[in-house]
Amino acid sequence: MDCINAKFVSQKISKTRWRPVSSASLHQPDIFATGSWDNEDNKVSIWSIGEHGVSNMDDEFEGDPQLLCEYKHNGDVLDLQFLDQERIATASSTGAVTIFRHHQNSQTLSVAQLWDRAHHYPCDDAPCTGLVCNSPEIVTIGEDGRINLFRADHKGILRTIENADSSTIHAVTFLRTTEVLTVNSFGQLKLWDFRQQSNEPSQILSLTGNRVPLHCVDRHPNQQHIVATGGQDGMLCLWDVRQGTMPLSMMEAHSAEMWEVHFHPSNTDHLFTCSEDGSLLHWESSTSSSVPSFLQGGRNTSAMSRSTVAPGDGNQSLTSGWLSGDSSKGHLETTHMLPSQTLSVNSLDVLDQCLVCGTDGEAIYINRESSDEIESRDCGCTDQAGARRCEEEPGCTN
């Protein structure tokens, strides 16, 4: 496994997110944001591991994340998402939703918009437990069972679904432009369509048996009907919202609460989970897929899926590899990404060849392919037949 850089930041990290990279850019992600929780003063911070990430200090290494700017955050940062390359939306334990603007010329942060008490009880604040962005729209969820729809350039709340849930809503993701999926403390997934005037969900899916709280959800980037969830029991569940009301596959993932699950946005045979038990896992659903170099190696274990419903037709590897009723196709390889277990790994994000996670151990962990590895991997010194030799190319070091 490539070396993982650990940066101790003297604050518990609740959320980590890479800044989006332009589709026209040939560069790897080099800017990410973090939010903290359970500290005397919580902060939203912007870090760099690009040109700004080279330190002259003797006790730091090239590639270590360097703090660019930070801003005090009122309450715990319970969620954090980039709205675009300059703006970041945060969810607070005070019930507030804030948009921060990153001024890249001066490397400062400022508050661009604030919706105070977006989530609340009749006589008290209610934590805003999560949000999801599809610029310019922002959807927030809360402990008060509300779902709010905002627009970044609009001061008011566009729509509120009151009493969307009688339990805490823990996470939300967009399925389509007008549809979001939420997970709650009862182990339910609820699909909401903002085109409908009704305040009722258009679909409800749930875990059978005990009502195990679900804490996180992510949608497959290419197959919008496929979603992954994780919850209090550490199980990884795969769902097809087109079929039935129960998960199609369940995998024993972690020994404690799973806090986040993320599909790789472009290499979609790969998925990542993190947990209260201090582990960060990489899941691979197809051994024939192209594996990014930073994912190779590590301590491997295996997980056997328990399929509950046979899936419908599907030609893509995720469907056949993860959701199949055939147990021989449900054998997944997992890799522990951290060199050793630490305190709770609260958040992770993966983009291109870069992975970042934050922990209660007051540390940020970065796994990023080096520029030399990229140059070697992408040198282009062979044609499709592999006939041209590298030494024929001027300046190639292969």
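Is Cys357 buried or exposed, and what is its relative accessible area? In this predicted model, Cys357 is buried, with a relative accessible area of 0%. Cys274 is likewise buried, and its relative accessible area is 0%. The sulfur of Cys274 has its closest cysteine sulfur in Cys357, at 7.3 Å, which is too far for a bond. Cys357 is accordingly in no disulfide, the nearest cysteine sulfur being that of Cys274, 7.3 Å away. Since a disulfide requires two cysteine sulfur atoms within 2.5 Å, the count of disulfides comes to zero.

With a relative accessible area of 31%, Asp352 is partly exposed. Glu362 is placed in the loop between E30 and strand E31, the latter comprising residues 363-368. Glu362 is not a glycine either, yet has a positive phi of about 60 degrees. Its relative accessibility is 31%, so Glu362 counts as partly exposed.

The largest pocket contains about 1500 Å³ of space. Its lining consists of 45 residues, and those nearest its centre are Arg17, Asp79, Gln81, Asp218 and His262. Seven strands are listed below as contributors of two or more residues to this lining: E2 (13-18), E6 (77-82), E12 (128-134), E16 (169-176), E20 (214-219), E24 (258-263) and E29 (345-351). Of the elements involved, E12 gives the most, with six residues. By class, the lining comprises 23 nonpolar, 11 polar and 11 charged residues. Both domain 1 (29-211) and domain 2 (223-240 + 265-398) supply at least three residues each to the lining.

Pro136 lies in the loop between E12 and E13. Strand E13 (residues 137-142) runs antiparallel to E14, and five bridges join the two. Within this pairing, Ile138 has Phe150 of E14 as its bridge partner. The two strands form a hairpin with four residues between them, and Gly145 in the turn adopts a positive phi of about 80 degrees. Strand E14 (residues 147-151) is mostly covered, as four of its five residues are buried. E14 is also joined by three bridges to strand E15 (residues 159-161), again in an antiparallel arrangement. There, Leu149 has Arg159 of E15 as its bridge partner.

Six of the six residues of E18 are buried, so the strand is largely enclosed by the rest of the structure. Gln188, Lys190 and Trp192 point one way from E18, whereas Leu189, Leu191 and Asp193 point the other way, and all are buried. Such a pattern accords with the general rule that side chains in a regular strand alternate between the two faces of the sheet. The charged side chains of Lys190 and Asp193 are thus among the buried residues of E18. On one side of the pairing, five bridges join E18 to strand E17 (residues 179-184), which runs antiparallel to E18. Thr182 has Lys190 of E18 as its bridge partner. The hairpin of E17 and E18 has three residues between the strands, and Gly187 takes a positive phi near 75 degrees in this hairpin. E18 is also joined by four bridges to strand E19 (residues 203-206), and these two strands run antiparallel. In this second pairing, Leu191 stands opposite Gln203 in E19.

Conventions. Residues are numbered from 1 along each chain as its sequence is written. This is a predicted model: local features need pLDDT of at least 70, side-chain atom pairs count only at pLDDT 80 or more; totals for chains, interfaces and linings use all residues. Side-chain values use heavy atoms; hydrogens and water are left out. Buried means under 20% relative accessible area, exposed over 50%, partly exposed in between (1.4 Å probe, protein chains only). Two strands pair if DSSP finds at least two bridges between them. On a 1 Å grid over the protein atoms alone, a cavity is a set of points where a 1.4 Å probe fits but cannot get out, and a pocket is an open set with protein on both sides within 12 Å along at least five of seven lines; lining residues have an atom within 4 Å of a point. Grid points are joined across faces, edges and corners, and a volume is the space filled by probe spheres set on the points. Domain bounds come from an automatic or database domain assignment.
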